[in-house]
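Subject: The two-chain model, handed over

Hi,

Here is the structure I promised to pass on. Have a look at it first, and then read my notes below.

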Amino acid sequence: MNIIETAGLGKNYGRTWALRDCTFAMPEGYLAALVGPNGAGKTTLLHLLVGLTAAAAGTATVLGGLPAGSRAALDGIAFVAQDAPVYTNLTAANMIRIARNLNRSFDPPYARARLDELDIPLDRKAAKLSGGQRAQLALTLALARRPRLLILDEPLAALDPLARHDFMGTVLAAVGEDGVSVLMSSHVLAELQRVADFLVLLTKGQVHVADTVEDLVSTHRVLTSPAGSADRVSRKLDVVQDQRGEAQAHLLVKAHGPQHPVPPGWEAHPAGMEELVLAYLRNAGKTGPAAAPSKPTASTGAAR
Amino acid sequence: MTALTLATKQNDAARPPRPLPWRRMVLVTWLQHRGVLSGVATLFGALAIYLGIMGLIIHHAWTADMGCHPASSLTCQDLAQSFQTRWHGGATIAFPLQLLPALIGAFAGAPILAREMETGTFRYAWTQGFGRTRWVIAKLALVGGPLVVIAGAFGILAYWYFGPLVAQGPLIPLDPRTFDLECLALPGWVLAAFAVGAFAGMLIRRVVPAMATTMAVVGGLGLAVGLYLRQHYLPPLIIPGANGPVPSAWTLGSWYTGRGGQVVSGYIVNAACPGPGPGNSTPGAPPQCMPQHGYIQWWSYQPASRYWSFQGIEAGGLLLLAILLVVATIWLVHRRAA
C-alpha cells in the first residue's frame, strides 16, 4: 500500500509554480528523506500532503487512497511544522490536554512518559523550554496521536548535534515500535544517510527521484577510468554526473536492468546516498527547471 | 440478512469517520483563552460593582424625590433641585464605558486568530483530527458567546443605572451617550466588535496591527452610527411650533418656512423677529411676530417611545454585521493556504 501517492500535483503562488507536475509514490513502512535546495518546494509539498494548502493541479492521496486533508486523513497523519510550533503560553501538561481533545486517538500516558524520559517538566510553560525540548515536545504530541504517517518539516534545522541525535532517536524508536511511516524534509544529509531508507529528491518544484535508498544504491555506480575514453562511454550510459579531472573521469551512472556492464578499462564503485543526492542536486541545477531528468525516475516507487 | 448487515458495515468503514464532538473544544478554548475571558469578566465585574453601588444610591435619592408630595411644594422643589445638582455627574461614566466594545474587539477578538497565524501554531491546530473549519467555528462561538452574555447582563444593569438620570435630568432615552450602553445595543456592539477583531486578525495575521485596526474600525463605526446613522433608523417625526418637541424626545433639527412653504434661512427670520439671546439684550420679538410674517418653525425628532424599536434595530443591524464577519472569517480559515 502506498502511504503517499501524488499525480500531477501542482501549486502556484501567483505566476510562480512552487510545485509542478509532481508524481511519486511512497510505500508504507519507510522513513523517507525529502531533500532539495532551498525554495525547491519541499514545504509546499508537505503542506499539500497534510491539507494545509490546497492543490492547484493534480491529486494527492495518503494512507492508501484518502484525499490529503480529508477528515479521515487528518486522523491518521501527524505533522510537525517548521520550527515546531507549540503554544508557548501553555504548559506541556495543558498541551497534552489540548491534543487529547483535538484528536480521535491520543495517548496521554505515552506522552507523559516520554516527556518524563526527556526530562521535560510537565508544569513548565513551553516558552521556558529550550529549542531542543520544544522540538521534542512537538514530536511527542505528534507521536502520541499514534499516527500511521508522521510528516516532519525541517525538524533538525534549529537543533544542536546532540538534540538532533536525540530527536532522530525518538523518531527511529517510533518507526521500530509502531511501524510509523515517516516523511521528513531536511538539509542534514549526514543525519539522513544514517536513518533514511527512502529518498524523495525535489528541485525547482519537481520530483527528480523517489525510490528506496537500497534500490538507488544498487542501481547507481561510480565509474572511474582514464579521461580519454570518457566521451565514448558516457554516450552509451545514463550519466547522472560527469566529473572530469586531468587524468581521470568519474561518472555517476544509473543502470537500467539487473546487469551493470562495466566498460573495459573502467573501475566500478558503489555510490553512497550522500554522493547520490549531491550528484542529483548538481545535475538538476544544471538542466534547469523545465528539463525533466533524462529517464523518468519519479514513478519507480509506485512500481514496487 | 447477514449479507445486508455485512454490506452496511463495509459501508461504514468506507465512509469518513464521524466528526469529533463539539464539546471537545470547550476545554481547548478555555485553556487557550481563559486569560482574556477572565480579564473581560473581571473588568465588567468591577464596573458592575461600581454601577451597582452608585445606582443604588442614585435610585434611593430618586425614590425620595418621587415620593415627595405635593410636588409643587418648596421642599419637593428643593429635593428635585438637589437631585439634579448632585447626580447629573452620574452620566459621566458613560464616556469611559463607550470604549468597552472597541477594547473587547481589540483584546478578545483580534488575537484569537492573529496569534495563531503570527506564531505559526495554526499549522499545529489545523492538522489535528478536529478539522480547521469546525475548530474556528467552535472557538468563535465559545469565546464570543460568553462575551455577549456578559455584555447583555451589563447592558441591563446600565439601563437600570441610567434610569433615574433619564427620568430626572440630563439624559433622554435615545441619548447618544448612553443608548448603545444599554439593553440589546451593548451586547450587539460587543459581538460586532469581537467579529471585527477576529476578521481583522485573520486578514492581517499580526496581533498588534490587528488590534489597532480593530480599535479604529469599531471606534469609527461607533461614531458613524451615533452621529449619522441612528437618527435615520425610522423616519423622524416633524412638528411645527416655537417650543419644539417634548424634552424627552431626541431633537434632530429645526428649520423655518415662509409664507409659500419654502425654507427660509434662520438669519432672515432672526432679522425680522429677533429672539432673546446672549448677544441680544432686548427681550426679543413678541410671539405673534412669526405668524405675522408667515414664518413657521419646524422640528424633526425621534420620540422617546421609539427607544425599544431603536434598540432592536441597532442590535439587529450589529448582529447581521457580526454574522457576515464571522462567516467571512470562517471562510478565510477554510480556504487559507499555509
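Let me start inside chain A of this predicted model, with strand E7 (residues 149-153) of chain A, which is mostly covered: five of its five residues are buried. Which way do the side chains go? A:Leu149, A:Ile151 and A:Asp153 point one way from E7(A), while A:Leu150 and A:Leu152 point the other way, and all are buried.

Strand E6 (residues 77-80) of chain A runs parallel to E7(A), and four bridges join them. In that pairing, A:Ile77 stands opposite A:Leu149. E7(A) also pairs with strand E8 (residues 181-185) of chain A, again in the parallel sense, over five bridges. Here A:Leu149 is placed opposite A:Ser181 of E8(A). To get from E7(A) to E8(A), the chain passes through helix H6 (residues 161-178) of chain A, and this β-α-β crossover is right-handed.

While you are on that helix, click on A:Arg164, which lies in helix H6 of chain A. Is A:Arg164 buried or exposed? A:Arg164 counts as buried because it has 20 C-beta neighbours inside 10 Å, and the cut-off for buried is 20 or more. Apart from neighbours within four places in sequence, its contacts are A:Leu156, A:Leu159, A:Val188 and A:Glu191.

Eight bridges hold the antiparallel pairing between strand E1 (residues 2-13) of chain A and E2(A); as one example, A:Asn2 has A:Pro27 in E2(A) as its bridge partner.

Another covered element is helix H1 (residues 42-49) of chain A, where eight of its eight residues are buried. Just after H1(A), A:Gly51 takes a positive phi of about 80 degrees.

Now chain A as a whole. How many helices and strands does it have? The secondary structure comes to ten helices and 14 strands. Buried residues make up 48% of the 304 residues in chain A. For 304 residues a compact globule would have a radius of gyration near 19 Å, and chain A has 21 Å, which agrees. Along the principal axes, the C-alpha atoms of chain A fill a box of roughly 70 × 40 × 35 Å. As for the contacts in chain A between residues at least 6 apart in sequence, 70% join residues at least 24 apart.

On to the place where the chains meet. There, 22 residues of chain B are in contact with 24 residues of chain A. On the side of chain B that touches chain A, helix H2 (24-66) and helix H6 (122-125) of chain B each supply at least two residues. H2(B) gives the most, with five residues. By class, that side of chain B has twelve nonpolar, eight polar and two charged residues.

Finally, the confidence scores. The model scores ipTM 0.86 and pTM 0.87. Chain A averages a pLDDT of 84, with 90% of the residues scoring at least 70. Over residues 288-304 of chain A the pLDDT is below 50, and this stretch has 26 contacts in the model beyond near neighbours in sequence. Chain B has a mean pLDDT of 87, and 92% of its residues reach 70 or more. Among the elements of chain B, helix H8 (residues 185-204) has the highest mean pLDDT (96) and helix H1 (residues 2-14) the lowest (47). The pLDDT is below 50 over residues 1-13 of chain B, a stretch with zero contacts in the model beyond near neighbours in sequence. Where pLDDT is low, the predicted coordinates should not be read in detail.

Cheers

Note on methods. Residues are numbered from 1 along each chain as its sequence is written. Chains are lettered from A and ligands numbered from 1 in the order in which they are written. pLDDT is the predictor's confidence in each residue, from 0 to 100. Two residues are in contact if their C-beta atoms, placed from the backbone, lie within 7 Å. A residue is buried if 20 or more other C-beta atoms lie within 10 Å of its own, exposed if 12 or fewer, and partly exposed in between; C-beta atoms are placed from the backbone. Two strands pair if DSSP finds at least two bridges between them. A crossover is right-handed if, with the strands pointing away from the viewer, the path from the first strand over the helix to the second runs clockwise. Ala, Val, Leu, Ile, Met, Phe, Trp, Tyr, Cys and Pro count as nonpolar, Asp, Glu, Lys and Arg as charged, and the others, Gly among them, as polar. The radius of gyration is taken over C-alpha atoms; the globule rule is 2.2 Å times the number of residues to the power 0.38.
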